[in-house]
Amino acid sequence: MTAGPLPEARRTSRRIVLVHTVTFKQARQLVPVLIPVVAGIGFGGGVTTVVLLAVAITLVSVAAAALSWWRFSYADGPSAVVITRGLLSRSVRTVPNDRIRGVEVEAPPVHRVFGLVRVRIDAAAGAAGEDEEVVVDGVPRAEGDRLRVAVLTHRGATAPDAEDGEAPAEEELSRWDNRWLLYAPLVGSYLALPAAAVGALSRLVDEIPGDPLEDLFALELPAGWALALGVAAAALLLLVAGSVIGAAVVNWGFRLVRRGGSLVAVRGLVTRRHTELEIDRIRGVSVSEGLGMRLVGAGRASALVTGLADAERRGQLLPLGPREEAWSLADRLVDDPGPLVAHPPAARRRRIVRAVALGLLVTVGGVVLGVAQGHWELLAAGPVVTALGVLLARSLYASLGHAVGPRSFSVRRGWLVREQTVLERRAVIGWEVRQSWFQRRDGLATVTACVGAGSGGYAAVDMSAAEVPAFTTAASGPWADTMRPAG
Amino acid sequence: MTTAPAPVREPSWELPRSAIGLWTVESAISTVLLWLGAGAFLLFVPPSAGGPVPVLRWLLPTLALVHTVVAVGIRPWVKHRVYRWEITAEAAYTRTGWLTQTWTLVPISRIQTVDVTRGVLQQAFGLATVAVLTASSQGTVRIWHLEHAVAQRVADDLARRAELVRDQAT
């Protein structure tokens, strides 16, 4: 399958069998089978059954882990990485080195105890939906670093030449500041963490026989406002503390350095992640600020890298921090295209008309309901919806904008999460201009730059239709002149 | 109500007339399904049932009628005027849609693959669709309903030229 001499096949460390036994990695797949078995036998046998079951599960786990270790080997040659695995049907996967777009070394806690790491090799797959990642699970730390360096060096890119990550040309771009954790309660995704934890806990409570929740509510408690306030305060505290802890676990010790031609990001409290991005493949940067983050001037920055799987996580340049920090990072990677140009007033009118239309609909509904059934509450809601809608519309309009510089361009949109994307001119691999009937009437158009990175397309929503040809040509290249109207 | 000029120019070439036939048949099929649905409603839902049923009994057939007139009588011709395409020295360029129009432009140097597909109905009309794919999930140009021989020639030509001028393609 590969040209040239076949490289020596290597095995993962034997210790990975222990890791997988402890974490039940393979045995977990048996759980759906085990549940009916257990249900059939029941726990009637008491302690003996439980012990036997535990022993059996452990044995199965050991056997499964050992088998998959035995049947797995990898080889990194000068032209490709070859992974061989599979118990009965053998699968040999060959990933050419020039298709490898990044290597990630991560050390989950159990792996750390045994001095092992997991290496994820991110390969550009031909078809979408294909598994783009090759995982070598359970090699010693030093071998993991060797593999990372070897794969990246063979690829022919300017990979670090030193053996153990102590490359000479290392420049720190960003370093985590623990004060940034204070932003966490204002960020939606971190707020979701404690909620998810509570959800998991409540499922656990459901499993417990009897009804602990009911027992809890049956307790004699001070009634009324005191209780409600107490619960609300506790929930708020839990939410704030949970989000801060969650952010700390994920981002602890975040560090972004430039090493040769790569950006290396390291982060994580429990699982240390080590992500490497090739600077050559970075096509742009997007800085996003959520509603809460805008109040305190926080932001996050991520790189748009061509052909990167799981780009959301891997492309992160700054997971959470002051917006100045996010922008200074963005400016170091992509040229600043200058200040944003606001979109025409017709774009604002469009948003206000939508808001008023919704408000009117609610009002009309309120009148109908009031006349027919005598409920007038909805009618009262009408003006409120209208007023809030108009405020939202103005804010939506304010976030729209675009800018073109000599080597890059930028678009911004969004209210709940305002995202500004700065892209290099070479990033554009196509344009899509869209104009609805209403937009045609208002002289507006939505222009999407198609990009082989990030979400695939970044749109300047409702820009002036007359500016479209100038914008597309300035932001990409002379080929976009194909669209310029004659005359 | 001033109608502003289009933001970008229209591609030069129009689709074959047989595309109108294809669109009409497509609309006719969806119309038949719609009438079957409306008929089933009139047959099986008793008019005595309360709530919105009395209104729906005349609203559904009216909507089906409007859909029939628009989809079979008007839309195929409007679409034929909107759908246009062009292959220039540098790029593939199309316009699609009818109420909402979409212009898509992809430079030949960024083309990754070119597909020709023929649906069942398309085969009946001797038509085919050329899909020009790039590294972006959104940057796909589809040239709908070309005559099959033309589609094949366009695809071969694009693939050959993409090979010659390909740069990084991402």
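This is a predicted model: local features need pLDDT of at least 70, side-chain atom pairs count only at pLDDT 80 or more; totals for chains, interfaces and linings use all residues.
**Notebook: chains A and B**

I started with burial in chain A: of its 487 residues, 35% are buried (20 or more other C-beta atoms within 10 Å of a residue's own, with C-beta atoms placed from the backbone). Residues are numbered from 1 along each chain as its sequence is written, while chains are lettered from A and ligands numbered from 1 in the order in which they are written.

Next I looked at chain B, where the domain assignment, automatic or from a database, gives domain 1 (16–81) and domain 2 (84–165). Their centres, over C-alpha atoms, sit 31 Å apart. Where they touch, I get 10 residues from domain 1 of chain B and eight residues from domain 2 of chain B (contact is C-beta atoms, placed from the backbone, within 7 Å). On the domain 1 side, H1(B) gives the most, with six residues.

Then I checked the helix pair in chain B. H1 (residues 18–44) and H2 (residues 53–82) pack at about 175 degrees, axes 9 Å apart (axes are lines fitted to C-alpha atoms over the stretch in contact; angles run from 0 to 180 degrees between N-to-C directions). H1(B) and H2(B) are therefore roughly antiparallel (angles over 145 degrees).

Definitions and conventions: Helices (H or I, at least four residues) and strands (E, at least two) are DSSP runs, numbered from the N terminus. Angles under 35 degrees count as roughly parallel, over 145 as roughly antiparallel, 65 to 115 as roughly perpendicular and the rest as oblique. A residue is buried if 20 or more other C-beta atoms lie within 10 Å of its own, exposed if 12 or fewer, and partly exposed in between; C-beta atoms are placed from the backbone. Two residues are in contact if their C-beta atoms, placed from the backbone, lie within 7 Å.
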